[in-house]
Amino acid sequence: MQIYIVRRLLALIPTLFFASLIVFVTVRLIPGSVIDLMLSQNDIAVGKDRAQLEAALGLDRPMLVQYVRWVGGAFRGDLGRSLWHNTPVTAQLLERLPVTFELGVLALAIALAVALPIGMYSATRQDTAGDYVTRSFSILMLAIPSFWLGTLVMVFPSMWWGWSPELKYVALRQAPLRNLAQMIVPAIILGTSLSAVTMRLTRTMMLEVLRQDYIRTAWAKGLSERPVVTRHALRNALIPVITLIGLQAPLLIGGAVIMEQIFVVPGMGLLLLEAVGQRDYPVITGVFLVLGMCVMLVNLLVDLSYGTLDPRVRYQPS
Amino acid sequence: MLAAVVIRLVRRKPLGAFGALVFVVFLACGIFAGALAPHGMNEINPLYRMKPPSLTFPLGTDNLGRDMLSRILYGARLSVIIGFCAAGLATALSVVLGLTTGYLGGRFDLVMQRFVDAWMTFPDLVILIAVVSVVGPGMLQLIVTLGLLYGIAGSRIIRGAVVAVREDLYVHAAQSLGARTFRILWLHILPNVLPPIIVLFTTRVGIVILAEAGLSFLGLGVPPPAPTWGGMLAGSGRAYMYQGPWLALAPGLCLTIVVYAINMFGDALRDVLDPRMRGAG
Amino acid sequence: MTRIPRIHGTLGVALALCLCLGSTTSAQAPAKPQYGGTLEIGSVYVTLSALSWDPQDWNWKLNHDTGMYFEQLFAADLDKSVRKGGKHKFYADAWLPSDAIRGELAERWEWKDNPLSLVVHLRRGVMFPDKPGVMKARELTADDVVFSYERLDKSPKKIATYFDHVAKVEARDKYTVVFTFKQYNAEWDYRFGWGYYSAITPKELGSVDAKDWKNAVGTGPFQLTDFIQGNSQTYAKNAKYWDTEKIGGTAYKIPFVDTLVYRTIKDEATQHTALRTGKLDILESIRWTAVDNLKKSAPALKWSKWLSMSGTFLAMRVDQKPFSDIRVRRALNMAVNKQEIVSAYYGGNAELFAYPMHPDYYGYYEPLEKMPASVRELFAYDPANAKKLLAEAGYPGGFSFKVQVCSCSPDHMDLLPLVAGYLEKVGVKLDIQPMEYAAFLSAMTTKTNAPGYFMNNGHTNPTTSIRKSFVTGQQWNPSQWADPAFDRKMAEVYLTRDEAKRQQMIRELTVEILDKAPYVWLPTPYIFTAWWPWVQNYNGELRAGAVRPGPIYARLWIDQDMKKKMGF
């Protein structure tokens, strides 16, 4: 088992750097250079400024040299400095990642809390009115554009009751209640739209599992519904669901941009959006690298969890 | 066969059938928008700005005096085009990738899977933001980007289905008869993985439409004056939501209803087609 | 029954008397300011976090974020504001009227000739506070000023010609700085004085990482205590700040509030919500579309409105046909119904003419009514005349041309089709090409922009407004205007020491460029500022230097009793 983990971790590294090289190069091929953007901020710019600025930012070297320097730095944990803010990219990422992570975990928890019960309920009460209603609600949450839902939640309570979610960010360990007051609303919106897909899959897998022979045996044995559903059916149905969670990881880690913007959550999504708009190459590359790493780690965890859920799957040294 | 599926759908999955009906209406509106719309797509008329729904303007007018009903109908056309083209491109790509990697296996499969893995590492929206910022806003760019993005991700699903089918008896039979790979793929494998392909396509249409809406909010969607529903909702819908709620209600409701219908339809389709594929009772 | 009216009557009279007395006393003297509280501000740049904390980065936004702790030699004299009976509103983003400048860190200054130099005498007793890891509390000296200047001058990111007019800067003694000039430059105080790049930092900043916000320290009324990028910036009161504010005849030590917080909120709807629910005390930049609703849902808010410090226009490349012909350019101006844009598109919340001169630029600005007929013609809707001019120029059937616009501006994406609609009526068709921001900007800076280029551009100040857009080869010159005579006149403006003469020259240059119409001049919208009534000693002033609101915020105080009574 340990060997498997180590091998998987080692396999991450070449993939990561391959991906980072692609991102590094592509980003610099984007039309509209950062120099133009910077020069445009000042009224009196002449040709001399361009060369000077390029040198100051290290952008006058050939691309390969820039990449090598970046890789060297990455090994030491130094991902360069933001071209605009001049702050170390690593520091920026370390600040933003926990925020995104927290939002993601909350959204996932809510998604599961909504999806699993509804999925199970729908499966056991297949094709009844209850099944239709709960499924419809879930899909409705998916169909409403998230930014619209977010806007409605932000604007109308403030007009009717003078209430709005907390908008000033404070770290979780500093003031947990205030932090949650800010995160909970976007987490709910994200979570409910996420739950639609999970619920569908849970329902499908439960349906399939419930038809299996060993379930029929359990019924025949005279077991009541609860142990049959939870002990036997759910465990086996959960495997693809866990896979699905793994697939959602990228979405949670980087895709919450819209919620971040509306609810003023200082996460990775907004950082990336801003960086791409400003052509802040080191930040963009850094964000992609970290995103990639996180997702790969999540996938590894998902794969490992198969071992606990399904006794048939055990990892042998080859 | 189509008639049989339809009948089964209506009888066993009424909600899904309703979804299909909405889907067809949406398609029709999209195709015949030019004939149905009472006014032009971009008929600016400052004198009639911000008028609430009335007989002349059933859905009201927007901040530039354009008829909302006409804009919605043309928006349907745009959504149909973007949705179908992008979903079509995505599905085609998924099929090609899924068929080849699933059937051929071996080293080719391994390499492609690593590539797909790396691709799926990055969140959809993140890639979209980066690419649209690079290539600039525009309908063609959006279709190609969305198509590529979802195409690669969806190949996994098709691959899974192909892997399940490739060990079937008739495939082995064809192979032992010496049939060429392409023939096997085309004649034997493809027809048997058609159901997941159909389901994949329908769900992709909904996802693409929503993705365009999200991009519009971030300022990266099809730029105005193109009347995409997402663009109308995110743009003037939000800016004038106090003065003219109809500016947001119309595109918002359309978006929600169509995506909802597509999803219900796709679900029902999967339920109806899947057991048949498995051969279970 | 009959008894009650009498008691009622006496009570009524007594009550009325009390009310009268109460209201007269509150109308006579301004209330005594309270100390304490937190000021939450959504500033003009509410969507942007701090870009940089180090003056050496030559970042335009620096004063906005550091101007509370890095002070400058000069700043706005806020006593000359309208609120205090003066005539200045202090809306301009990078301009101070010459009669409303006071010395901030400079106490007095005088000019000397042979060689041309400026002798600045610093205020005494201005203290830098203690900052662990950076410096111990000490007095400001001339060495700090010299250090700040030289650090800016030697920066690799410096704008090349910015300080070319300065020969040297040296400290004559502990409180005297001497600037020696090569020649006079009319913008001398803007360049280093109260402008974008004029922050006075302590010498110790040279030996620490100045880019780290945790090392920020200055002489100003607030000190930076927290920075959450993308969300908020927090500043705490400097208890030993040197300045005072006179209210009702008494001088009070400032700042009044304990904490100042800048909020960063990208989404417009969220900004309004924050204001509505009292989470923001001030929101400085509100679009007119939201004003009615905010007034209805938060009727207690106080309002001010100001003309955008940015002009909107459609630039036409004069180095190509058909726009090389002035008749074509003037025709396009006449073909656009600018009055209708004001009334229908902006709902009346705009002015026809505010660019390139802004009404707030006293002495430099002339209203449209005072302009010659040929200029006024450009702002009157006359499609018939437009068609005639086009025919004269050889385009009786009109023509078509490509226009680039930034998809990042929803306002422009709506406005341009409206303009296109007007132009189509005289046969001129627009081929609109939306571009993403960076690519859009690049097209202009590389001078490869399309014949039509739809944008808006900040005024900055009266001289810069004209120079940066209409002098040959300048960065913000998308129309490629290149007139050597114009360039010479502009250069002369910079060398002229007499302000009245400069104002007249600028007025003439403004009329000339308006007339020659390298742009289709479009109306300028009003922008609104709103604040809750518990924010006192404030009337919507925006800047006391180049994008520098620090001194304004230092003079605000919060009526905490009122705030509590209103339920916040």
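Trainee: Let's start with helix α12 (residues 437-445) of chain C: which strands does it lie across, and at what angle to β19(C) does it run?

Mentor: This is a predicted model, so keep that in mind throughout. In it, α12(C) lies across β19, β20 and β21 of chain C, running at about 125° to β19(C).

Trainee: Is that helix mostly covered or mostly open?

Mentor: Start with the general idea. An α-helix has 3.6 residues a turn, so residues three or four places apart point the same way. Now the case here: α12(C) is mostly covered, with 8 of its 9 residues buried. The buried residues are C:Ala438, C:Ala439, C:Phe440, C:Leu441, C:Ser442, C:Ala443, C:Met444 and C:Thr445. Just past the end of α12(C), C:Lys447 has a positive phi of about 60°.

Trainee: How do I read the sheet under it? In what order do the strands come?

Mentor: In general, in a regular strand the side chains alternate between the two faces of the sheet. In chain C, the order is β20-β19-β21-β17-β22, an open sheet of 5 strands with mixed pairing. At the edges sit β20 (428-435) and β22 (519-521) of chain C, each of which pairs on one side only. On average, neighbouring strands of this sheet are turned by 30° against each other, direction ignored.

Trainee: Can we zoom in on one pair? How many bridges join strand β19 (residues 399-406) of chain C to strand β21 (residues 452-458) of chain C?

Mentor: There are 3, and the two strands run parallel. If you want a place to look, C:Val405 has C:Phe454 in β21(C) as its bridge partner.

Trainee: What about strand β15 (residues 282-286) of chain C: how many of its residues are buried?

Mentor: 4 of the 5 residues of β15(C) are buried, so the strand is largely enclosed by the rest of the structure. Strand β1 (residues 38-42) of chain C is joined to β15(C) by 2 bridges, and they run parallel. Strand β23 (residues 524-531) of chain C is joined to β15(C) by 3 bridges, and that pair runs antiparallel.

Trainee: Loops next. Where is C:Phe323 found?

Mentor: C:Phe323 is in the loop between β17 (310-316) and α7 (326-335) of chain C. With 21 other C-beta atoms within 10 Å, C:Phe323 is buried, because the cut-off is 20 or more.

Trainee: Which residues is C:Phe323 in contact with, leaving aside its neighbours within four places in sequence?

Mentor: The list is C:Met316, C:Arg317, C:Val318, C:Val328, C:Arg329 and C:Pro451. Also look at C:Ser479: it is 156 residues from C:Phe323 along the chain, yet their C-alpha atoms are separated by 9.3 Å.

Trainee: Now the interfaces. How many residues of chain C are in contact with chain A?

Mentor: As a general point, the size of an interface is often given as the accessible area lost when the parts come together. Here we have residue counts: 40 residues of chain C are in contact with 43 residues of chain A. On the side of chain C that touches chain A, the elements giving two or more residues are α5 (268-276), α12 and α13 (462-470) of chain C. Our helix α12(C) gives the most, with 6 residues. By class, that side of chain C has 15 nonpolar, 15 polar and 10 charged residues.

Trainee: And how many residues does the contact take from chain B and from chain C?

Mentor: It takes 18 from chain B and 20 from chain C. Helix α11 (residues 229-239) of chain B gives the most to the side of chain B that touches chain C, with 3 residues. That side of chain B has 10 nonpolar, 6 polar and 2 charged residues.

Trainee: Stepping back, how many helices and strands does chain C have?

Mentor: Chain C has 17 helices and 25 strands. Its radius of gyration is 26 Å, close to the 24 Å that the globule rule gives for 568 residues, so chain C is as compact as a globular protein of that length. Buried residues make up 49% of the chain.

Trainee: Last one: what is the mean pLDDT of chain C?

Mentor: The mean is 91, and 95% of the residues of chain C reach 70 or more. Where pLDDT is low, the predicted coordinates should not be read in detail. In chain C, pLDDT stays under 50 over residues 1-28, for which the model has 0 contacts beyond four places in sequence. The model as a whole scores ipTM 0.83 and pTM 0.87.

Technical notes. Residues numbered from 1 in each chain as written. Chains lettered and ligands numbered in written order. Predicted model: local features only at pLDDT ≥ 70, side-chain atom pairs only at ≥ 80, totals over all residues. Buried ≥ 20, exposed ≤ 12 C-beta atoms within 10 Å, placed from the backbone. Pairing = 2+ DSSP bridges. Axes fitted to C-alpha atoms, helices over the stretch in contact; angles between N-to-C directions. Contact = placed C-beta atoms within 7 Å. Nonpolar A, V, L, I, M, F, W, Y, C, P; charged D, E, K, R; others polar. Rg over C-alpha atoms; globule rule 2.2 N^0.38 Å. pLDDT = per-residue confidence, 0-100.
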